[in-house]
Amino acid sequence: MAEVALLTKDLSASSHKGVMSLFGEHFIKTGIFDRDLGKALSDAYDKRLIGDYGIGFILTEGEARDMLETAKNFVQRLKSYLKRWMEEKK
């Protein structure tokens with residue numbers, strides 16, 4: 001979703017870190033989205049790395065539910081932004 005949002009500004013990145021950096025610069029720092037959304041993206045990336053490469057990492061059910069809610073919120077907010085962006089392009 002972050003990559004799609006970047007495309008609305010003719011931006012793209014070749015890495016996850018690049019996507020996060022551009023998203024922060026063009027959407028968080030400019031006030032299009034609140035800082036909590038940038039933090040959610042960064043936290044999701046960190047947890048993904050731990051999940052992929054961490055040894056002995058255990059996630060509780062509560063943590064998983066919280067992460068799922070955060071992800072749903074992230075997607076919903078970006079969907080709303082993209083819908084507004086598409087309406088403006090008509």
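The structure described here is a predicted model, in which local features need pLDDT of at least 70 and side-chain atom pairs count only at pLDDT 80 or more, while totals for chains, interfaces and linings use all residues. Residues are numbered from 1 along each chain as its sequence is written, and side-chain values use heavy atoms, with hydrogens and water left out.

The secondary structure of the protein consists of four helices and zero strands, where helices (H or I, at least four residues) and strands (E, at least two) are DSSP runs numbered from the N terminus. Along the sequence the pattern is α-α-α-α. The C-alpha trace spans about 50 × 25 × 20 Å along its principal axes. Of the 90 residues in the protein, 24% are buried; buried means under 20% relative accessible area, exposed over 50%, and partly exposed in between (1.4 Å probe, protein chains only). Contact means heavy atoms within 4.5 Å. Among contacts between residues at least 6 apart in sequence, 51% join residues at least 24 apart.

Helix α2 covers residues 16-28, and its buried residues are Val-19, Met-20, Leu-22, Phe-23, Gly-24, Phe-27 and Ile-28. The elements that cover these buried residues include α1 (2-7), α3 (35-53) and α4 (61-89). Val-19, located in helix α2, counts as buried because its relative accessibility is 8%. Not counting residues up to four places away in sequence, Val-19 touches Ala-2, Glu-3, Leu-6 and Ala-13. Leu-6 lies 13 residues from Val-19 along the chain, and the C-alpha atoms of the two are separated by 7.9 Å.

The axes of α2 and α3 come within 10 Å and cross at roughly 175 degrees; axes are lines fitted to C-alpha atoms, for helices over the stretch in contact, and angles run from 0 to 180 degrees between N-to-C directions. The two helices α2 and α3 are therefore roughly antiparallel to each other. In their contact, His-16, Lys-17, Met-20, Phe-23 and Ile-28 of α2 meet Arg-35, Leu-37, Gly-38, Leu-41, Ser-42, Tyr-45 and Arg-48 of α3. By class, this contact has six nonpolar, three polar and three charged residues. In this classification Ala, Val, Leu, Ile, Met, Phe, Trp, Tyr, Cys and Pro count as nonpolar, Asp, Glu, Lys and Arg as charged, and the others, Gly among them, as polar. Ser-42, found in helix α3, is partly exposed, with a relative accessible area of 29%. Ser-42 and Gly-24 are 18 residues apart in sequence, and their C-alpha atoms are 9.6 Å apart in space.

The largest pocket is lined by 19 residues, of which Ala-40, Leu-41, Asp-43, Ala-44 and Tyr-45 lie nearest its centre. A pocket is an open set of points, on a 1 Å grid over the protein atoms alone, where a 1.4 Å probe fits, with protein on both sides within 12 Å along at least five of seven lines; lining residues have an atom within 4 Å of a point. At least two residues of the lining come from each of α1, α2, α3 and α4, and α3 gives the most, with seven residues. The lining divides into twelve nonpolar, two polar and five charged residues.

In the loop between α1 and α2 lies Asp-10. Although not a glycine, Asp-10 has a positive phi of about 55 degrees. Asp-10 is exposed, with a relative accessible area of 73%.

Definitions and conventions
Angles under 35 degrees count as roughly parallel, over 145 as roughly antiparallel, 65 to 115 as roughly perpendicular and the rest as oblique.
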